[in-house]
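Hello,

Here is the structure we talked about. Please have a look, then read the notes below.

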Amino acid sequence: MTPAELEAIRASDPERYEALTGPQRDQQLATAAARRGDPLYSSEHDPCRPTPYERQARVEREAARAIGEPEPPVYGSSGG
């Protein structure tokens, strides 16, 4: 079934569209949920979980704060 046909079904018959696309969407959600606990994928898919580089940078900033040195720069941040 083409995306255009699916779109037409979604517009005309939402229940049929849900029946056609629901199982695939549920499988994708279940796969994503299973990966959240996997350290290989967790930082990629869960923005709340820091990457190893972010954890190391946090340790370095906290160490600099503890001994009173200026904090190292934060690279790659979109904040201003």
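**Salt bridges and one buried threonine**

Arg25 counts as partly exposed, at 36% relative accessibility. Here buried means under 20% relative accessible area, exposed over 50%, and partly exposed in between (1.4 Å probe, protein chains only).

A note on the source: this is a predicted model, where local features need pLDDT of at least 70, side-chain atom pairs count only at pLDDT 80 or more, and totals for chains, interfaces and linings use all residues. Residues are numbered from 1 along each chain as its sequence is written, and side-chain values use heavy atoms, with hydrogens and water left out.

The whole structure has 3 salt bridges (a side-chain nitrogen of Lys or Arg within 4 Å of a carboxyl oxygen of Asp or Glu). Arg25 pairs with Glu18, N to O at 2.9 Å. Arg25 also bridges to Asp26, with the closest N and O atoms 3.4 Å apart. That links Glu18, Arg25 and Asp26 in a network. Glu18 is partly exposed at 37%, and Asp26 is partly exposed at 42%.

Arg10 and Glu7 form a salt bridge too, at 2.8 Å, N to O. Both lie in helix H1 (residues 3-12), 3 residues apart, about one turn of the helix. Helices are DSSP runs (H or I, at least four residues), numbered from the N terminus. Arg10 is partly exposed, at 42%. Glu7 is partly exposed, at 42%.

Now the threonine. Is Thr21 buried or exposed? Thr21 is buried, with a relative accessible area of 16%. Thr21 is in helix H2 (residues 14-36). A polar atom of its side chain lies 2.9 Å from the backbone oxygen of Tyr17.

Best wishes

Technical notes. Helix = DSSP H or I, 4+ residues; strand = E, 2+ residues; numbered from the N terminus. Polar contact = N/O pair within 3.5 Å; in protein donor to acceptor, adjacent residues only side chain to side chain.
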